[in-house]
Amino acid sequence: MPDDQPSRQSPRGDTLRPGDRPSPPHPRTPARRTTTTLADISARLQPRDRVIAFLLSDHTALTTDQIAAVLFDSPITCGHRLYTLRRMDFINRVLRAHPNQPTQVYWVPGRLSARLVALARGETPPTPKAVALAADRVLSDRTRRHTIETNQFFIDLLVHSRSHPQSRLTRWWSEQQTTATFGRRIRPDGHGVWTTGHHHVGFWLEHDRGTEHHPRLRDKLEPYRRLRIDGGPDYTLLFSLPTRERERHFHHRLIDTAGRDHRIAAALATLTIATCARDRVNGHGPAGPIWRLVGNGGHRLRLADLPTTDEEPGPLNPGIPTPEHDPLHELT
């Protein structure tokens, strides 16, 4: 072989001279780990990133505007942070088109945020397949608009607290968590406790989109009455109704039916029921003077003015909120 011809053992471009030995082959580089772990991104996570993780885990999906309103001063900054967290495989997004509306972005748990929340709660982390399946459900869920509107009710309370620090949403439970906690005896759209100083107002939320007949709304009362009779908490049952007309009919039919139906009469004697009409809130959020008590005329009350619920905990009563119930407790 001519002296200037490279051997098979020398790198192309290098020529062995007489008496030279070929260089030993480079040791094989270990394969790089491609799956990011929580430890890999731990230094980059901020307290509000953890809040986002817990909110998405508990409430399935939130929009960019909802997250920005609670945790950021700028929607642009919020958008940048959310997309950074997505690149880190911490959270994910689902795009859903709506007729005659821009495509909506829903943020959902990602592989690492789901793992963080599960480990923080002493639970077994979900598999990546399970996390992906949960995101697919958001895309296919026909009740997604109802869920987003329900979440907005609680988001508005959290936003109110940013400018009124004396008031705070100290508990926010989803339909799934509330239903499980109370043994599947009730199915509200959500449960919360609104705290002002040492005054706690617990409530169940029924968010009505005007798609159910009034008898169906009245039928919702009986499970709450039975829970209360059996030792459940004396929370106010809130009906958020779409229009003032629907609210007026709801009050009229409740009072009218109570004279003929002993179950409705018993429910009205046991429960505190308040309503609002979303088309006539006059710029007030759910914390404002928008609540009308059934049987109390047309007078409107603030959420903080509804009956207090400082009760001892029991098998069917979680009692007053603990610090970890606060949806923003990771910030404190």
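Residues are classed by relative accessible area, buried meaning under 20%, exposed over 50% and partly exposed in between (1.4 Å probe, protein chains only). The structure is a predicted model, in which local features need pLDDT of at least 70 and side-chain atom pairs count only at pLDDT 80 or more, whereas totals for chains, interfaces and linings use all residues. Residues are numbered from 1 along each chain as its sequence is written, and side-chain values use heavy atoms, with hydrogens and water left out.

The protein chain contains twelve helices and ten strands; helices (H or I, at least four residues) and strands (E, at least two) are DSSP runs numbered from the N terminus. Of the 332 residues in the chain, 43% are buried. Contacts are defined by heavy atoms within 4.5 Å. Among contacts between residues at least 6 apart in sequence, 63% join residues at least 24 apart.

Salt bridges were assigned where a side-chain nitrogen of Lys or Arg lies within 4 Å of a carboxyl oxygen of Asp or Glu. The whole structure holds 23 salt bridges. One of them pairs Arg-300 with Glu-247, with the closest N and O atoms 2.8 Å apart. This pair links distant parts of the chain, since Arg-300 belongs to strand 10 (residues 300-301) and Glu-247 to helix 11 (residues 244-258), 53 residues apart. Glu-247 is buried, with a relative accessible area of 0%, while Arg-300 is partly exposed at 22% relative accessibility. Shared partners also join Glu-206, Glu-212, Arg-216 and Lys-220 into one network of salt bridges. Within this group, Glu-212 and Arg-216 pair with their closest N and O atoms 3.8 Å apart. Glu-212 has a relative accessible area of 27% and is partly exposed; Arg-216, at 42%, also counts as partly exposed. In helix 10 (residues 221-229), Glu-222 and Arg-226 are four residues apart, about one turn of the helix, and their side chains form a salt bridge of 3.0 Å, N to O. Glu-222 counts as buried at 14% relative accessibility.

Arg-292, located in strand 9 (residues 291-293), is buried but has no salt bridge. For this comparison Lys and Arg count as positive and Asp and Glu as negative, while His and the chain ends are not counted. The nearest side chain of opposite charge is that of Glu-247, 4.8 Å away. A polar atom of the Arg-292 side chain lies 2.8 Å from the backbone oxygen of Gly-297. Beyond its neighbours within four places in sequence, Arg-292 has contacts that include Glu-247, His-251, Ile-273 and Arg-300.

Thr-272 occupies the loop between helix 12 (262-270) and strand 8 (273-277). Its C-alpha atom is separated by 7.3 Å from that of Tyr-235, 37 residues apart along the chain. Not counting residues up to four places away in sequence, Thr-272 touches Tyr-235, Thr-236, Leu-237, Leu-293 and Pro-307.

Thr-60, in the loop between helix 2 (47-59) and strand 1 (62-63), has a positive phi of about 75° and is partly exposed at 29% relative accessibility. Arg-184, in the loop between helix 8 (175-181) and strand 5 (190-196), has a positive phi near 60° and is exposed, with a relative accessible area of 60%.

Technical notes:
A polar contact is a pair of N or O atoms within 3.5 Å; within protein, one must be able to donate a hydrogen and the other to accept it, and residues adjacent in sequence count only if both atoms are side-chain atoms.
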